[in-house]
Amino acid sequence: MTVEPPERPARAPKTAPDPRAAPPLPPARIEEMYGRLAAALPEPKGELEYVNPFTLLVAVVLSAQATDKGVNKATRGLFAVADSPESMLALGEDGLKDHIKTIGLFNSKAKNVIALSRALIEQHGGQVPPDRDALEALPGVGRKTANVVLNIAFGMPTIAVDTHIFRVANRTGLAPGKTVRAVEDALEARTPEAFRLHAHHWLILHGRYVCKARRPDCGACPIADLCAWPDKPEPVGA
Ligand code: SF4
């Protein structure tokens with residue numbers, strides 16, 4: 001029997017940038033940076049599994065302080081029996097907990113998912129509303145979750161700043177900021193329109209797999225010559 005090593009859960013972003021964060025990049029470099037990320041992955045996708053806007057919302061709520069991989073393992077069985085607010089209520093809080101007990105904070109997440117399912121039925125006809133204020137009024141739904149749902153389910157050009165995007169934005173000089181909201185606002189202001197829809201996915205995947213927290217893979221980075229991080233190693237032969 002093989003035992004998989006535990007995945008490191010996503011943590012909340014730091015609320016202050018690296019003291020050696022890069023200075024802001026000029027617009028031409030930002031355009032080139034996104035252009036290269038887009039060329040490498042023209043149709044980027046998130047890694048959470050879902051079958052409709054409701055299951056996307058539930059998956060994002062469950063993903064706080066947890067890995068996408070861990071959430072997907074739990075939701076495959078869950079969404080087979082509960083893929084709507086009505087079927088989630090029918091499953092009930094205890095039934096839901098049985099499916100998600102491998103996910104951190106599952107007790108409070110189960111309460112929130114049941115409460116948000118009830119609110120969707122009572123206030124939105126059982127549908128996920130394509131509206132930030134309405135989403136943020138749901139139990140367990142904050143700005144980041146609303147941004148993910150608006151972007152993926154409804155095709156709006158929102159950028160949800162998680163720990164990976166916060167790091168990449170500060171490290172590269174793309175959108176430096178001391179808080180999550182400051183980075184989100186800077187990304188909105190500095191990301192060219194043509195790249196806004198997929199910016200969230202390009203940056204999160206770049207942070208997760210290349211510009212990693214402890215050991216960024218600068219040698220294999222497609223935007224290394226554009227990145228302004230002062231600690232990146234000099235290219236070989238420079
Ligand atoms: S060069 Fe290094 S620090 Fe800069 S974006 Fe690439 S991986 Fe991150």
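Reader: Is the crossing where helix 2 passes helix 5 left-handed or right-handed?
Author: This is a predicted model, so the answer describes a prediction. Take the two helices as they pass each other. Helix 2 and helix 5 make a crossing that is right-handed.

Reader: At roughly what angle do the axes of helix 2 and helix 5 cross?
Author: The two axes come within 10 Å. Their directions make helix 2 roughly antiparallel to helix 5, because the angle is over 145 degrees. The crossing angle is roughly 155 degrees.

Reader: Which residues of helix 5 does helix 2 meet?
Author: Helix 2 brings Val58, Val61 and Leu62 to the contact. By class, the contact of the two helices has four nonpolar, one polar and one charged residues. On the side of helix 5, the residues are Lys109, Asn112 and Val113.

Reader: How far apart are the axes of helix 2 and helix 7?
Author: Helix 2 covers residues 53–62, and helix 7 covers residues 143–154. They pack at an angle of about 150 degrees. Their crossing is right-handed. The axes are 10 Å apart.

Reader: How many nonpolar residues does the contact of helix 2 with helix 7 have?
Author: Helix 2 supplies Pro53, Leu56, Leu57, Val60 and Val61. Helix 7 supplies Thr145, Val148, Val149, Ile152 and Ala153. By class, one residue is polar and no residue is charged. The number of nonpolar residues is nine.

Reader: At what angle do helix 3 and helix 4 pack?
Author: Helix 3 spans residues 68–81, and helix 4 spans residues 85–100. Their axes lie 10 Å apart, and the angle is about 160 degrees. That angle is why helix 3 counts as roughly antiparallel to helix 4. So the value to keep is about 160 degrees.

Reader: Which residues of helix 4 make the contact with helix 3?
Author: The crossing of the two helices is right-handed. Helix 3 contributes Ala74, Gly77, Leu78 and Val81. By class, the contact has five nonpolar, three polar and no charged residues. From helix 4 come Ser87, Leu91, His99 and Ile100.

Reader: Which residues does Ser84 touch, not counting residues up to four places away in sequence?
Author: Ser84 sits in the loop between helix 3 and helix 4. Asn52 is 32 residues away from Ser84 in sequence, yet their C-alpha atoms are 8.6 Å apart in space. The residues that Ser84 touches are Phe54 and Gly126.

Reader: Is Ser84 buried, partly exposed or exposed?
Author: Count the other C-beta atoms within 10 Å of Ser84, and you get 18. A buried residue needs 20 or more, and an exposed one has 12 or fewer. The count falls in between, so Ser84 is partly exposed.

Reader: What is the phi of Gln65?
Author: Gln65 is in the loop between helix 2 and helix 3. It is partly exposed, because 13 other C-beta atoms lie within 10 Å. Its phi is positive in a residue other than glycine, and the value is near 60 degrees.

Reader: Where is Leu105 found?
Author: Leu105 has a positive phi of about 60 degrees, although it is not a glycine. With 14 other C-beta atoms within 10 Å, Leu105 is partly exposed. It is found in the loop between helix 4 and helix 5.

Reader: How many of the 10 residues of helix 8 are buried?
Author: Helix 8 runs over residues 163–172. Among its buried residues are His164, Phe166 and Arg171.

Reader: What covers the buried residues of helix 8?
Author: Just after helix 8, Gly173 takes a positive phi of about 90 degrees. The cover over the buried residues of helix 8 includes helix 9 and helix 10.

Reader: How many residues surround the ligand?
Author: The closest are Cys211, Pro216, Cys218, Cys221 and Cys227. The shell divides into nine nonpolar, one polar and three charged residues. The number surrounding the ligand is 13.

Notes. Residues numbered from 1 in each chain as written. Predicted model: local features only at pLDDT ≥ 70, side-chain atom pairs only at ≥ 80, totals over all residues. Near = placed C-beta within 6 Å. Nonpolar A, V, L, I, M, F, W, Y, C, P; charged D, E, K, R; others polar. Axes fitted to C-alpha atoms, helices over the stretch in contact; angles between N-to-C directions. Helix = DSSP H or I, 4+ residues; strand = E, 2+ residues; numbered from the N terminus. Parallel < 35°, antiparallel > 145°, perpendicular 65-115°, else oblique. Left-handed = near helix turned anticlockwise from the far one by under 90°. Contact = placed C-beta atoms within 7 Å.
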